[in-house]
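Colleague: Please take a close look at one part of this model, the residue with which your answer begins. Then connect that account to the other local features that can be described with care.

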Amino acid sequence: MILASPDQRYALALEPENESYSKWWRISCAGDDENWYAQFGGNTPVEILAGFTDALLSPAPDTTPDV
């Protein structure tokens, strides 16, 4: 199963495999200025996947946070 963002920039693919620690989830970005991907296994908590995808939808902060 593959889900894509409306602008086709981001894609989320679910490809279950026999091993629970092999890659099941692949999240990728294919844009003009960036190309990357992240893979997660079958035992990855859904909260981690949700947090990762939510962070992609959040706008970039106007300022950098103080460390």
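Modeller: Leaving aside its neighbours within four places in sequence, alanine 13 is in contact with Met1, Ile2, Trp24, Trp25 and Arg26, where contact means heavy atoms within 4.5 Å. The structure is a predicted model, in which local features need pLDDT of at least 70 and side-chain atom pairs count only at pLDDT 80 or more, while totals for chains, interfaces and linings use all residues. Residues are numbered from 1 along each chain as its sequence is written, and side-chain values use heavy atoms, with hydrogens and water left out.

Alanine 13 belongs to strand β2; strands (E, at least two residues) and helices (H or I, at least four) are DSSP runs numbered from the N terminus. Alanine 13 counts as buried because its relative accessibility is 11%; buried means under 20% relative accessible area, exposed over 50%, and partly exposed in between, with a 1.4 Å probe and protein chains only. Between alanine 13 and cysteine 29 the C-alpha to C-alpha distance is 12 Å, at a sequence separation of 16 residues.

Strand β2, at residues 10-14, also takes part in the largest pocket: together with β1 (2-4) and α1 (46-57), each supplies at least two residues of the lining. A pocket is found on a 1 Å grid over the protein atoms alone, as an open set of points where a 1.4 Å probe fits, with protein on both sides within 12 Å along at least five of seven lines; lining residues have an atom within 4 Å of a point. The volume of the largest pocket is about 200 Å³, taken as the space filled by probe spheres set on grid points that are joined across faces, edges and corners. Its lining consists of Leu3, Ala4, Ser5, Tyr10, Ala11, Leu12, Ile27, Thr53, Leu56 and Leu57. By class, eight of these residues are nonpolar, two are polar and none is charged; Ala, Val, Leu, Ile, Met, Phe, Trp, Tyr, Cys and Pro count as nonpolar, Asp, Glu, Lys and Arg as charged, and the others, Gly among them, as polar.

Among the lining residues is Ser5, which sits in the loop between β1 and β2. With a relative accessible area of 15%, serine 5 is buried. Its side chain is joined to that of aspartate 7 by a polar contact of 2.5 Å; such a contact is a pair of N or O atoms within 3.5 Å, and within protein one must be able to donate a hydrogen and the other to accept it, residues adjacent in sequence counting only if both atoms are side-chain atoms. The loop between β1 and β2 also holds glutamine 8, which is exposed because its relative accessibility is 57%. Most residues other than glycine have a negative phi. Glutamine 8, a residue other than glycine, has a positive phi near 65 degrees.

The structure holds three aromatic pairs, a pair being rings of Phe, Tyr and Trp (its six-membered ring) with centres within 6.5 Å; planes under 30 degrees apart count as stacked, over 60 as edge-to-face and the rest as tilted. Tyrosine 10 and tryptophan 36 have ring centres 6.3 Å apart and planes at 50 degrees, so their pair is tilted. This pair links distant parts of the chain, as tyrosine 10 lies in strand β2 and tryptophan 36 in strand β4 (residues 35-41), 26 residues apart. Tryptophan 36 also pairs with phenylalanine 52 in an edge-to-face arrangement, at 6.1 Å centre to centre and 75 degrees between the planes. Here strand β4 is linked to helix α1 across 16 residues. Tryptophan 36 counts as partly exposed at 26% relative accessibility, and phenylalanine 52 is partly exposed at 29%. Tyr10, Trp36, Phe40 and Phe52 form one aromatic cluster.

Phe40 is also touched by serine 22, as are Glu17, Gly41 and Gly42, not counting residues up to four places away in sequence. Serine 22 is placed in the loop between β2 and β3 (23-30) and counts as buried because its relative accessibility is 16%. The side chains of serine 22 and glutamate 17 make a polar contact of 3.3 Å. The loop between β2 and β3 also contains glutamate 19, which is exposed at 56% relative accessibility.
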